[in-house]
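Let's go through this one by asking what lies behind the labels. Take a look at the structure, then read on.

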Amino acid sequence: MTDFLKRVRAVIAGPRSTAVLGLVVGLVIVLLVAPKIIQQGPSYLLQTIIFGIAAGAIYALIALGYTMVYGIIELINFAHGDIFTLGAFISLPLLALFGVKPEAGPGGLVIIPILLAVFVAVMVINGAINVGIERVAYRPLRNSPRLAPLITAVGMSFVLEGIMYVWKGPNNLNYPDLLPANRIQLGASTSIAYKDLIVIAVAVVLVVALTLFVGRSRLGKAMRATAQDRDAAQLMGIDINRTISAAFFLGAALAGAGGIIYGLYYNNLSFDLGFENGLIAFTAAVFGGIGNIQGAALGGLCIGLIRAVNDGYFSTAWTDVVLFAILILVLVFRPTGLLGVRVPEK
């Protein structure tokens with residue numbers, strides 16, 4: 001039996017491990033869900049998948065911030081979920097400057113330039129705040145034992161939550177429902193909302209833009225060099241502090257965009273929203289391969305689908321149990337996640 005398990009693990013840890021593991025997990029899920037699918041019908045399944053992809057797109061945007069920071073300085077920035085919430089909070093007064101109130105409804109094409117302006121402003125402000133946090137809280141501890149910056153990140157999370165609590169209070173906030181309410185019929189009882197398409201499209205555009213930036217721009221190449229060997233990159237003339245700050249800026253900018261998308265999609269906010277969503281997004285980053293941009297996007301999509309399927313066909317009380325059970329199963333055989341790669345110890 002021991003030899004058999006070793007052979008199974010060797011197969012799953014091989015070059016085609018991602019495909020094999022995905023097939024095994026997918027087969028188990030299908031066998032469990034198949035009776036429910038037959039009972040509810042294919043239309044219900046398609047509707048569930050649509051919800052899962054839209055939610056996964058939001059998780060992916062948050063997960064990208066985790067994976068960028070960890071990929072460069074190996075810091076799990078637990079304050080990142082609260083940066084996501086802060087972006088949504090900052091967007092409310094900016095929308096008010098354009099005359100958009102919390103109870104406002106869809107505004108048609110005239111709302112597009114307003115949303116674009118708010119998106120850009122929030123991404124810049126969020127990025128600047130995160131750079132300031134890195135400069136004040138994390139940079140002095142960069143050469144300290146890993147536990148010190150980790151505890152500091154947890155502390156910054158509570159600080160940000162406290163600021164948002166004092167700013168907006170403990171109650172849920174209404175967020176303007178500005179996205180179109182129209183739906184596209186895909187069948188007799190299945191439809192996809194315009195807001196689902198918008199959320200997915202925005203996430204795809206931002207993920208592709210980040211991938212191209214990191215892969216082709218000079219600063220992106222500096223980030224990859226810093227992630228691979230910080231000392232060697234510094235010897236080659238790369239400004240390490242500037243590169244790390246840029247990673248914090250980009251991660252927070254994407255989290256700010258995710259916060260706005262969350263508000264537009266769900267139409268409510270709370271000061272502690274970042275705790276749960278940040279934990280789920282971090283799980284998505286680990287699931288897909290933390291330090292890997294495409295892995296974070298894939299992980300967010302997978303987590304969104306898993307949660308949607310479990311909420312739709314089983315009890316919501318078991319959603320987190322199922323989610324982390326699948327995560328543990330994946331990490332047992334793929335410790336680096338679905339798309340992660342093994343790197344030598346530095």
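Q: What share of the 346 residues of the protein chain counts as buried?
A: In this predicted model, 47% of the 346 residues count as buried. A residue gets that label when its relative accessible area is under 20%.

Q: What makes the contact between H3 and H8?
A: On the H3 side sit Met 68, Gly 71 and Ile 72, and H8 brings Met 223, Thr 226 and Ala 227. By type, the contact residues split into four nonpolar, two polar and no charged. Gly goes with the polar ones here.

Q: Which residues have the most contacts inside the largest nonpolar core?
A: That would be Tyr 138 and Leu 269, in a core of 91 residues. Helix H10 (residues 240–266) supplies the largest share of this core, 16 residues.

Q: What is Tyr 138 in contact with, leaving aside its neighbours within four places in sequence?
A: Its partners include Leu 75, Ala 79, Pro 149, Met 156 and Phe 248. Contact here means heavy atoms within 4.5 Å.

Q: How many helices and strands does the protein chain have?
A: The secondary structure comes to 13 helices and four strands.

Terms used
Residues are numbered from 1 along each chain as its sequence is written. This is a predicted model: local features need pLDDT of at least 70, side-chain atom pairs count only at pLDDT 80 or more; totals for chains, interfaces and linings use all residues. Side-chain values use heavy atoms; hydrogens and water are left out. Helices (H or I, at least four residues) and strands (E, at least two) are DSSP runs, numbered from the N terminus. Buried means under 20% relative accessible area, exposed over 50%, partly exposed in between (1.4 Å probe, protein chains only). A nonpolar core is a set of buried Ala, Val, Leu, Ile, Met, Phe, Trp, Tyr and Cys residues joined through side-chain atoms within 4.5 Å.
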